[in-house]
Amino acid sequence: MAPPSEVGTDTLLPDLPKGPLQAYRARASFCWQELALFLEGEDVLRLKKAIFSALENDPLFARPHGEDLSLEKYRELNFLRCKRVMEYNLLPVESIVANPLLVQTLITCLGMYDWSLAIKLHLHMLIFASAIYSSGSERHLKYLPKIFNMEIFGCFAVTELSHGSNAKAIRTTAHYDPTTEEFIIHSPDFEAAKFWIGNMGKTATHAVVFAQLYTPGGQCHGLHAFMVQIRNPKTLLPMPGVMVGDMGKKLGLNGMDNGFAMFHKVRVPRQDLLNRTGDVTPEGTYVTPFKDDRQRFGATLGTLSIGRVVIMGMSTANLKLAVSIALRFSATRCQFGPSDVEEVPVLEYQMQQWRLLPYLAAAYALDHFSKSLFLDLAELQQGLMGADQSTRQAELGREIHALASAGKPLASWITQRGIQECREACGGHGYLAVNRLGDLRNDNDPNCTYEGDNNVLLQQTSTYLLRLLARHVHGGARFESPLKTVDFLEAYPDILGQRFTCPSVNSCLDSSVPLAAYEWLVCYLLRESYQKFNQEKRSGSNDFEARNNSQVYYCRPLALAFLELTVVRKFHEYTHQRSVPPPLRAVLGRLSALYALWSLSQHTALLYQGGYFAGEQAGKMIQSAILDLCSQLKDDAVALVDVIAPPDFVLDSPIGRADGELYKNLWTAVLLESKVLERPSWWLEFSVNKPRVGSLKSKL
C-alpha cells in the first residue's frame, strides 16, 4: 500500500494558522522553516510529512476522543495500526541504506502519535529483525521477507522473572542433541520465565530467545540467541511446550502487549541458533571466531545498544512534545500584569522562562546528540556485517556502548523531570488528561527502566573511563577513541590545574565556557573515583565491594558528567560550524549556551568542592548568565517550538494547538469529553432504587 499522497517540496513546511500565537511569531529573530530545513534536511522533512499525512487521513488512526478503549480493544487496534504502517511501506530498504537516520525518524514520528504503536513496530522491525540480521548468518536471511510482510511477528526475549540487568545469570537453557541435530530450549522453573517481553503477550509468533548454550558433555558456552516459534501464525495458539501469556495493565503504554513465556523441552533445529558469535557443528562441537569470551558476550548483546540509542530519541521526542504544549500554553495564557487592566502572557515572567526554556534547549541538544550517535551505531553495524575485526572496530563498539549506557539515563531522566515541570507550568489545565501531559509522563517512565536500569547502566560508562585511566597510569596508554569523546583526557593533569576565570556575565554567554568547566569536572570526578576505588581495595574490599562502595558520589556522577560533556561538546561544535546560515547563528548559539550552563549548574557543589569555583561570584555569574539567556530566547520560544512540534492531530493537545486559541480549543475538547447533555448512566438506577430515610432509621 502506498502512502495517501506524494509530497512536494513547497508543501513540506506550510505556514501555520493565524491566531493569538502570531504576536510571538512576529517577534522571532529567525525563520522557523529555515531552521527546520537546516536541522532536518529535505529527506527527513519529506518522510515526516508522509508519515503524519498517512496517519491523519486514514480512519484507522482516528483519535477515540470521549471514549475509553478496553485493554483488549486498544491492543487489537494497535496491532492493526502496526500492520497498516507496514503496508504503507513508508521507508523502503534503499532509503534506509542511503540515510539511516530515516529509521529513527519513523519511530519518533509514530511515537509522537502513540508510543504503543511506535514501540510495537520498533521491536518487530528494528530489534527483532536486526537481531536476526546482525546476530545470524546467511541461513537466517529467509526470515526477513516474512518479517517485513508480517507473515511472522517477532519479539526479543532476554529478560526473565528473576533476572534483568544481570543478563549473564539468565537461566533458560539450550542443550544440544546431536542425534536429532536440535537444541532443547527449557525453562528450569517459573523464575526462569521470559518476562516483560514486548509483543509477546498477544501477537508475537516468533521470538529471539536468549539461553545458556550447552554442548554434549555438559559444557556451558554462555548466552546465545535462538530463533524460536512460540505461536501458530494462523491461529495465534501456543506451540507445543510453550506457555505464553499477557502481563496485563501497566502504568502506561497499554497498547503494547508485554508478556511472559516458559519453555518445556521445546526442540528447535540446529540452524535456528543465531550463529554469528558462536556455532555448533552437527556433531556437537562448539566453534567461535572470538578468542575472548567477554568480547563474544558483548557482541551477542550488541542489539541492546540499538535499543538504548533509540530510547534516547524516544525520550527526546517526548520532551519535544511536552515543551511544545507548555510553551504554546504559556504564550497565550495571560495572568496578572503591571496594572489591574492589563494581563500579560505567563511566558513573560522570568520564573516561567527559567522553568521551561532550559528544557527547550535540552530538547535541541539531546536531539542532535541522539541522531549523531545513531549514525555512529550504523557505522558500527556496517563493520560487524563486513566481519571487521580491526582494533578500531572493537574500540568503536566499546565507546558506543559507554555512550549509549549513559545516554539513555541522561535523556530519559531529563525528559522525566521536564514533563513534570511542563505539567506544573500549565497549572490545572496541565492536569487534564485531554491535554496529554499525563500520558506523556506515564509513557516516558519505562524509558528509565527497560533496556537496562538507568543507575545500573551508568556503571558501564564509569567502568569504561576507569579502565582507560588505569591503562594510562600503569602502561602509559594514550587517551584516544574513534569518536574522540575521551581524547581531551590526554591533558588530564593540566586540566585539573585550571580554574574558572570568566571576568563577566557576558563572557559566560557562550557554550565554550561551560565546556571548559565540564572538562575539568570530568577529570576531577575520574581522579576521585579512581582514588576511591583503590582506597577501598587497600582497605581490604574485593573488586565487587570496591565497585559497589564507589558508585553514589563518585562513579555515578562521573558517568553523567562525561555524557553531559559529550552532549555539550557535540552541540557546541554543531552550532558553531561555518555551515550554519547567518540568520540562525545567534539563536542556535543561545540554545547551546543555555543547555550547557543549565546542565553545569546542577554540579555547582562539586565545582566548589573540587576548587574550580572560588568565591560567591562564580556561582552567581552562572545563574545570571542562565537568566539572561532565558530572556534573550523568550521571544524566539514559540518559533523554536514550531520547528519541533508535530501537526495538531499528532500533538493531540487542545492547549498546545498551533493556532493558539487556548480557551476555545480547551472548551470544545472538554464538551466533547464530558458529553455534557447526557446524565450519568448510573443515575436512573440510583434514583429508582435509592433507600428511603425512614427505612434507614429503622435499620439503625
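This is a short talk about three residues in a predicted model, Thr159, Gly198 and Asn447.

Okay, ground rules. Residues are numbered from 1 along each chain as its sequence is written, and side-chain values use heavy atoms, with hydrogens and water left out. Since we're on a predicted model, local features need pLDDT of at least 70 and side-chain atom pairs count only at pLDDT 80 or more, while totals for chains, interfaces and linings use all residues.

Let's start with the UniProt record. An unreviewed entry there lists Thr159 and Gly198 under "binding site"; such annotations may be inferred rather than shown by experiment. The two span 40 residues in sequence, yet no two of their C-alpha atoms are more than 10.5 Å apart, so they gather at one spot.

Where is Thr159? You'll find Thr159 in the loop between strand S1 (154–157) and strand S2 (173–177); strands here are DSSP runs of E, at least two residues, and helices are runs of H or I, at least four, numbered from the N terminus.

Gly198 sits in the loop between strand S4 (194–197) and strand S5 (206–215).

Buried or exposed? Thr159 is partly exposed at 29% relative accessibility, while Gly198 is buried at 10%. (Buried is under 20% relative accessible area, exposed over 50%, partly exposed in between, with a 1.4 Å probe and protein chains only.)

Last one: Asn447, in the loop between helix H14 (437–444) and helix H15 (454–475). Asn447 is buried, with a relative accessible area of 1%.
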